[in-house]
Amino acid sequence: MITFRDFTYAYPTSESPVLHDITLDVHPGRFHGLVGPGGSGKSTLAMAGAGFIPHAQGGEYTGDVTVDGLTVGDTSLPELVTRVGLVQQDPFNQISGARFSVREEIAFGCENLGTERGEMVRRVDDVMRMLDITHLAERSPYELSGGQQQVIAVASMLVMQPSVLILDEPTSQLDPAGSRMVVEALATIRQSGMTVLLIEHKLELLAEYADELHVLTGGRLVAEGTPEEILTDTRMEEWGIGRPRFATAAMEARREGAWPSGRSLPVTLDAAAAGFRAFLEGKR
Ligand SMILES: Nc1ncnc2c1ncn2[C@@H]1O[C@H](COP(=O)(O)OP(=O)(O)OP(=O)(O)O)[C@@H](O)[C@H]1O
């Protein structure tokens, strides 16, 4: 579990705080999504959750962040790394450089944690299967595409089985099928009790898989709720986030009188199809 309590933070070179009064609970076994326009502070919040802020970045903060009850500011990074994994935005920066093959790269974190060898091999195989990268096992991580490196970065964190996993746009270089596979794997893995916080611009995927969404604009949390509540919020355009295509299509239809009256806007393809079907049935 991660908690933020009245957390305000400024980088060493910032003139004013980048995050303001963040109070947020990310619960075990729940899949939380974080959305916000560019520059709203999402990556900063991710780094604060993983302890890179303040330990690696420095800066000034007030308030608290805790991971599994440990106050991040008072806990060393090596201690935090055993509990919380961060998949950063640029996968290339996350490759250790210390290993030759994808299999060894994925195992690297477990080796550092001292995981027993048989257990480590089993976990690496499981994660590669889950993310459909078994065929890349003997390749060098450096000769892979950006999208493949992103999947390797996710695998390298999942294999350590942290109690909290924070991912900063892990699908930005992936095609729709690859993106869905990664987000689906996160939704599956959280059922084992892992806490997941995903920063993601692909709203349709959040609509389908997340339990709860948080909206960050200008360094402030301005809304939270279910995907249905957040993604159909009339302020989504004003916040610079947009909305799922299915909600936009239904809004257009509603303006034309072609959406069942009183029915809420859909955020998934299935909900949109059901709405249009209900409208057509009502016409018969
Ligand atoms: N190392 C840094 N030092 C000073 N300011 C920074 C640093 N990193 C980010 N910022 C500033 O903090 C603010 C929030 O940036 P952040 O990267 O957290 O936003 P973001 O929502 O993740 O953006 P994006 O979606 O574009 O990745 C921005 O104004 C950015 O310029």
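Predicted model: local features only at pLDDT ≥ 70, side-chain atom pairs only at ≥ 80, totals over all residues.
**Helix 7 on the sheet**

I began with helix 7, which lies across strand 6 and strand 7 (164-168) and runs at about 175 degrees to strand 6. For angles, axes are lines fitted to C-alpha atoms, for helices over the stretch in contact, and values run from 0 to 180 degrees between N-to-C directions. Helices (H or I, at least four residues) and strands (E, at least two) are DSSP runs, numbered from the N terminus. Residues are numbered from 1 along each chain as its sequence is written.

**Strand 7**

Next I checked how covered strand 7 is: 5 of its 5 residues are buried (20 or more other C-beta atoms, placed from the backbone, within 10 Å of a residue's own). In a regular strand the side chains alternate between the two faces of the sheet. Here Val164, Ile166 and Asp168 point one way, and Leu165 and Leu167 point the other.

I then looked up the neighbours; strands pair if DSSP finds at least two bridges between them. Strand 7 pairs with strand 6 in the parallel sense over 4 bridges, with Leu165 opposite Gly85. With strand 8 (residues 195-199) the pairing is also parallel, over 5 bridges, and Ile166 stands opposite Leu197.

Zooming out, I found an open sheet of 6 strands in the order 6-7-8-3-9-10, with mixed pairing. Strand 6 (84-87) and strand 10 (220-225) are at the edges with a single partner strand each, so one side of each has no neighbour in the sheet. The twist averages 15 degrees from one strand to the next.

**Helix 7 and helix 8**

Back to the helices: the axes of helix 7 (residues 146-158) and helix 8 (residues 176-189) come within 11 Å and cross at roughly 10 degrees. The two are therefore roughly parallel (angles under 35 degrees). Gly147, Val151, Val154 and Leu158 of helix 7 meet Gly178, Val182 and Ile189 of helix 8, contact being C-beta atoms, placed from the backbone, within 7 Å. I sorted these residues into 5 nonpolar, 2 polar and no charged, with Ala, Val, Leu, Ile, Met, Phe, Trp, Tyr, Cys and Pro as nonpolar, Asp, Glu, Lys and Arg as charged, and the others, Gly among them, as polar.

Key:
Parallel < 35°, antiparallel > 145°, perpendicular 65-115°, else oblique. Contact = placed C-beta atoms within 7 Å. Buried ≥ 20, exposed ≤ 12 C-beta atoms within 10 Å, placed from the backbone.
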